[in-house]
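Subject: Structure handover

Hello,

Here is the structure you will be working with. Please open it first, then read my notes below.

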Amino acid sequence: MSGAPKVHIRSFGCQMNVYDSHRMADTLAGEGYTETATPGEADLIILNTCHIREKAAEKVFSELGRVRRLKEEAARAGRSVTLAVAGCVAQAEGAEIIRRAPAVDLVVGPQSYQRLPTLLRRVAREGALVDTEFPVEDKFDQLTAPSPQATRARGVAAFVTVQEGCDKFCTFCVVPYTRGAELSRPVAKIVAEVERLADAGVREVTLIGQNVNAYHGEGPTGEAWTLGRLLQRVAEIPGIARLRYTTSHPGDMEDSLIAAHRELPGLMPQLHLPVQSGSDRVLAAMNRRHTRTDYLRIIERLRHVRPDMAFSSDFIVGFPTETEADFAATLSLVEEVGFASAFSFKYSPRPGTPAADMEEQVSDAVRHERLLRLQRAIDRQQAVFNARCLGRSFEVLFERAGRYPGQLVGRSPYLQTVQVEGERVPDVAIGDIARVTVTQLSPNSLFGTLADAPSA
Ligand code: 5AD
Ligand code: SF4
């Protein structure tokens with residue numbers, strides 16, 4: 001094939017993987033690769049995988065089957081395609097992936113992406129290889145920054161990884177094993193990255209990390225900064241109108257972070273704070289290191305400093321030993337908090353984690369039935385939260401054109417999708433922030449019209 005080589009990257013799982021996929025694309029752009037959304041025309045296909053639950057990991061192997069067929073078709077047409085598996089399945093399964101899927105040429109763990117160009121050259125010379133080391137060098141220092149055009153093409157709301165890994169060791173979770181020990185990036189590096197994003201037109205930044213509020217990166221004079229302090233600093237960067245952060249652990253909601261919600265108008269009044277269970281006994285078995293009361297107290301403190309705060313959460317049902325009474329405690333916690341949205345999952349035993357070896361596993365039928373009941377409760381709360389927005393006006397950041405002409409789509413401060421129509425829509429551009437009055441609801445989004453002149 002002539003011309004620049006093409007890479008297709010498919011991300012599974014969390015926002016961390018989306019960020020990593022962008023950094024891989026930027027690094028490969030430095031090697032002459034252009035990105036393509038069509039796997040059939042790619043010379044290099046990278047699957048950036050997720051290992052958090054069994055279903056997520058299995059998806060990767062069925063996707064590998066599809067990609068193998070593409071690779072065979074290309075070979076028949078005289079074209080060679082390189083297939084790489086990155087992300088947490090790569091880290092957890094290593095060489096096992098190539099044994100199960102021999103079409104895979106490269107297995108690369110999340111700590112080695114800066115070595116991608118070298119690894120690809122080695123694959124071309126020597127054939128299949130696996131790199132799941134945790135090298136000492138800082139990968140973020142070596143990964144290439146995106147061009148302003150690439151940044152702009154990815155939209156006006158961007159993610160920035162500020163910490164990676166986790167030291168909490170919840171007994172159900174693979175993250176401490178696949179992403180390694182908690183590591184925070186220095187403040188100066190983060191500020192420089194956000195300034196670059198702002199210069200390219202980004203208006204909203206979400207600081208991300210597996211345990212983002214454990215952030216303790218090095219400040220300009222050598223001392224460790226909290227996430228609260230980092231948010232204060234990032235909020236000063238011209239052009240950045242909105243800030244968010246995710247995902248947080250209730251044990252790390254430190255005072256400066258709560259204060260940031262009071263002091264920073266640009267810090268959006270929405271927080272994803274996973275609780276996993278409402279039962280103290282289950283929380284202890286999960287090694288969550290906080291109680292139900294601790295969690296409710298944090299919600300109360302945040303509502304005190306920011307009364308319109310919207311909360312979302314993650315729940316696991318059917319954790320080993322969970323009784324009907326434990327599950328009832330989860331339902332009652334949901335009622336007590338009033339979530340704007342939430343994710344709920346059936347417990348999935350992950351090899352190598354302590355909970356997978358616990359004796360009293362809950363049957364799949366019970367897990368399934370509890371999941372349905374919890375999801376019904378969450379859906380009801382989400383409907384109540386959205387219904388309260390009807391007739392209200394708030395600022396929306398416009399992110400993209402809608403499906404129909406004359407329609408724009410953006411996000412509310414509470415992270416809801418808002419579709420805006422009306423004769424004044426042509427006055428606003430993508431990247432503008434304008435007040436919108438909510439006129440209609442659907443289960444997954446709000447509809448509205450512009451309330452007054454755009455306030456860019
Ligand atoms: N089983 C089910 N859900 C899990 N999560 C993490 N590990 C597991 C598991 N073994 C969920 C948690 C976490 C979210 C990202 O995924 O709720 O907050
Ligand atoms: Fe996993 Fe989050 Fe617990 Fe860390 S805090 S072990 S990432 S669930």
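In which sense do S15 and S16 pair, and over how many bridges? S15 and S16 pair in the antiparallel sense, over four bridges.

First, some ground rules. This is a predicted model, where local features need pLDDT of at least 70, side-chain atom pairs count only at pLDDT 80 or more, and totals for chains, interfaces and linings use all residues. Residues are numbered from 1 along each chain as its sequence is written, chains are lettered from A and ligands numbered from 1 in the order in which they are written, and side-chain values use heavy atoms, with hydrogens and water left out.

**The strands**

Helices (H or I, at least four residues) and strands (E, at least two) are DSSP runs, numbered from the N terminus. Two strands pair if DSSP finds at least two bridges between them.

Start with S15 and S16. Ala401 stands opposite Leu408 in S16. The two strands form a hairpin with six residues between them. In that turn, Gly406 has a positive phi of about 80°.

S15 (residues 393-401) also pairs with S18 (residues 433-441), antiparallel, over five bridges. There, Val396 has Ala434 of S18 as its bridge partner.

Now move on to S16 (residues 408-411) and S17 (residues 417-420). They pair in the antiparallel sense over four bridges. Gly410 is bridged to Val418 in S17. Five residues sit between the strands of this hairpin, and Leu415 takes a positive phi near 80°.

S17 pairs with S19 (residues 446-450) too, in the parallel sense, over three bridges. Val418 turns up again here: its bridge partner in S19 is Leu446.

**Ligand 1**

Which residues surround ligand 1? They are Ile52, Arg53, Phe172, Gln276, Asp314, Ile316, Phe345, Lys346, Tyr347, Ser348 and Arg350. To count as near, a residue needs a heavy atom within 4 Å of the molecule. By class, this shell has five nonpolar, two polar and four charged residues. Ala, Val, Leu, Ile, Met, Phe, Trp, Tyr, Cys and Pro count as nonpolar, Asp, Glu, Lys and Arg as charged, and the others, Gly among them, as polar. S13 (310-317) and S14 (341-346) each supply at least two residues of the shell.

Look at the polar atoms next. A polar side-chain atom of Gln276 lies 2.6 Å from an oxygen atom of ligand 1. For Asp314, a polar side-chain atom is 2.7 Å from an oxygen atom of the ligand. Ser348 uses a polar backbone atom, 2.8 Å from a nitrogen atom of ligand 1. A polar contact is a pair of N or O atoms within 3.5 Å.

**Ligand 2**

The shell around ligand 2 consists of Cys166, Lys168, Phe169, Cys170, Phe172, Cys173, Val175, Pro176, His249 and Arg288. It has seven nonpolar, one polar and two charged residues. Phe172 is listed around ligand 1 and around ligand 2.

Is Ser21 buried or exposed? Ser21 is buried, with a relative accessible area of 6%. Buried means under 20%, exposed over 50%, and partly exposed in between (1.4 Å probe, protein chains only). Ser21 is found in helix H1 (residues 15-29).

Pro320 lies in the loop between S13 and helix H14 (324-337). Pro320 is buried, at 0% relative accessible area. Leaving out residues up to four places away in sequence, Pro320 touches Tyr347, Ala355, Met358, Glu360, Gln361 and Val362. Contact means heavy atoms within 4.5 Å.

Best wishes

Definitions and conventions. Polar contact = N/O pair within 3.5 Å; in protein donor to acceptor, adjacent residues only side chain to side chain.
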